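Please read along with the structure beside you.

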Amino acid sequence: MNNRNYNIYFHTHTISGIIISAILFVIFFAGSFAFFKSEISNWQKNVSNPVSSRYELDFNTITDSLHKEYGLYGRNLSFYVYPHTPRLGVSISESKDTTNKIKGGFFYYDIQKHTKADYKQSYDLGEFLYRLHFLAQVNSIADVGFPLGYYIAGLVAFIFLFALITGLLLHWNKIVSNFYVFRPWEKLKTVWTDLHTALGVISFPFLLIFAVTGSFFLVSYPLFTQPTAQIRFAGNEDSLNTVLGYNQRTPDFLHTPLQAKADVNYFLQQTAARWDHTRLSSLELVNYGDASMEVIVKNVLPADKKFVSSGEVVYSAASKQVLESKDPGRPSGYTDVVQNLIYNLHFGNYGGYFVKILYFLLGICGCVVIISGVLIWLTARNKKNIPEKKKRFNEWLTHIYLAVSLGMFPVTAASFIAVKIHPGGGMAFIYPFYFWSWLAVAVLLSIRKNNYKTNRDCMLLGAIIGLAIPIVNGTITGNWIWITYSRGYTDILLIDLFWTIVSIVAFICWWLIVKKKNNIKRGVVMSDQ
């Protein structure tokens, strides 16, 4: 590679990486935990939910209960089935019967307790970490008329593509030899360089997937959907959605009540009999209670049967006849790929816990690559020819960056204990606890201005708090690790084991950090002598 190309790749890689490093770390760290969103939610609320198809749910009882509160006649109802949590997402539209003034809305329905709660009440740590990984909380803080947090996260993911590609080009000539090189006992710059290169090469395919799919989720609308609708369909997005197959059925409301109440369970049983190997993904009741009422049952195949799938059956509630049918086993079209393939690749929803754990490890590898890159950048600029003023600025910037980034580890661990002590606090509890704790830790670490101590203490504090998490859970709920194992509470057991292992690894990292520092001190003393 000639020097001109090398310099272009080097500066593009360095500048793009430094610009996005802090936000990218937050995205990767929170996103790594978001792979276990449902398990964290179940752990916090001390409920275990076995995997089931959900066709056996009694939707007749659920709709009867909702009818007493809302008066469902003329409304559209959507039930979103979450496969690993004991709750449904329920969306109720306004009634087409103008005499009904009760407003609709969205809430969660607990299928075990038969209770409902709005979004803020049912908000949990799993949801918080999931939304933090695409900066959704920024939308609440800065209301500027559009989802600012989403666009920032999407822009960061897009810039991350440049950092990945230029980084690969930089190391292309030595990609094989550098892959096998790791010198943990050399000087710190060498250690960081080896970590950055080796982990970057190992995780490159997966980081590229995260960057591409993350960019698509968060910036596809302003960059692709809106311009396409404007150019091809004269600004009519409904026409574009119709071509893509996104538009929902909208049968005319007849203002004629059904002669007999619709048996929703019957339609579920018919669909289960038609495709007994599928999983219910959502249920939609259109024009509830009217002669025009339709029941739309949507389902998917298990990932081990078909990687990308989506099927549905549309029934007429009055005649019980099938109006439309889409076999989930049919060849996947464009809409299936966009809706399911990208989602599955980004969230690892296709290989059970093995893939989720693998994705978590790769996400943490991404965090290490980011931190090591920043430390390499700092070391490379700590030279005699660099003005003292620039040196101080670079050090100040790195102190703040590491304090904000590494401080997430003990704060996240402490948040698990906090929500276990106060599981029903919702958004009003989680937001202030996490963000104020994070701010306090970041400020204290930044004031100290010592990168070694920041790294050391965050590892130690996170490990200690992390080991306390399964102990606190067992003390409060009685679900100790051996009990959850014997009862088959896989999701609760996973979180407790997860924090035990993470804490042990953090202790090892803390020990290696301290040992490395002591070796450096001894080396300096010996050289002076």
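Before my first look-up, a word on terms: helices here are DSSP runs of H or I with at least four residues, numbered from the N terminus. With that settled, I found Gln44 in helix H2. I also noted at the start that this is a predicted model.

**Entry 1: the whole chain**

I began with the overview. I counted 19 helices and 8 strands in the chain. Of its 529 residues, 46% count as buried. I then looked at contacts with a separation of 6 or more, and 68% of them in the chain join residues 24 or more positions apart.

Is Gln44 buried or exposed? I read a relative accessible area of 2% for Gln44, so it is buried, the cut-off being under 20%. Not counting residues up to four places away in sequence, Gln44 touches Tyr123, Asp124, Leu125, Val419, Lys420 and Pro423.

Next I followed helix H2, residues 37-45, to its packing with helix H5, residues 125-132. Two packed helices are described by the angle between their axes and the distance between the axes. For H2 and H5 I noted an angle of about 150° and axes 7 Å apart. That angle makes H2 roughly antiparallel to H5. On the H2 side I listed Lys37, Ile40, Ser41 and Gln44, which meet Leu125, Gly126, Glu127, Leu129 and Tyr130 in H5. By class, this contact of H2 with H5 has 4 nonpolar, 3 polar and 2 charged residues.

**Entry 2: helix H5 and its other partner**

I stayed with H5 and turned to helix H15, residues 408-421. The axes of H5 and H15 come within 11 Å and cross at roughly 155°. Because of that angle, H5 is roughly antiparallel to H15. Here Leu125, Leu129 and Leu132 in H5 meet Met408, Thr412, Ser415, Phe416 and Val419 in H15. I sorted the contact of H5 with H15 by class and found 6 nonpolar, 2 polar and no charged residues.

**Entry 3: Trp499**

Trp499 lies in helix H19, residues 490-528. Its relative accessible area is 0%, so I marked Trp499 as buried. Which residues does Trp499 contact, leaving aside neighbours within four places in sequence? I found Phe33, Phe409, Thr412, Ala413, Phe416, Gly466 and Ile469. I also checked Ile465, which is 34 residues from Trp499 along the chain, and the C-alpha atoms of the two are separated by 9.3 Å.

**Entry 4: His346**

I located His346 in helix H12, residues 334-347. At 10% relative accessibility, His346 counts as buried. Leaving aside neighbours within four places in sequence, His346 is in contact with Phe35, His133, Phe210, Thr213, Gly214, Phe217 and Tyr359.

At the N-terminal end of H11, I noted Asp263 as the cap. A side-chain oxygen of Asp263 lies 3.3 Å from the backbone nitrogen of Asn265.

Most residues other than glycine have a negative phi. Asn46 sits in the loop between H2 and H3, and at 29% relative accessibility it counts as partly exposed.

Lys449 also went into the notebook, with a positive phi of about 55° although it is not a glycine. I placed Lys449 in the loop between helix H16 (427-448) and helix H17 (451-477). At 56% relative accessibility, Lys449 counts as exposed.

Pro147 counts as partly exposed at 28% relative accessibility. Pro147 and Leu218 are 71 residues apart in sequence, and I read 9.6 Å between them in space, C-alpha to C-alpha.

Notes
Residues numbered from 1 in each chain as written. Predicted model: local features only at pLDDT ≥ 70, side-chain atom pairs only at ≥ 80, totals over all residues. Heavy atoms only, no water. Polar contact = N/O pair within 3.5 Å; in protein donor to acceptor, adjacent residues only side chain to side chain. Helix = DSSP H or I, 4+ residues; strand = E, 2+ residues; numbered from the N terminus. Axes fitted to C-alpha atoms, helices over the stretch in contact; angles between N-to-C directions. Parallel < 35°, antiparallel > 145°, perpendicular 65-115°, else oblique. Contact = heavy atoms within 4.5 Å. Nonpolar A, V, L, I, M, F, W, Y, C, P; charged D, E, K, R; others polar. Buried < 20%, exposed > 50% of the residue type's maximum accessible area, 1.4 Å probe, protein only.
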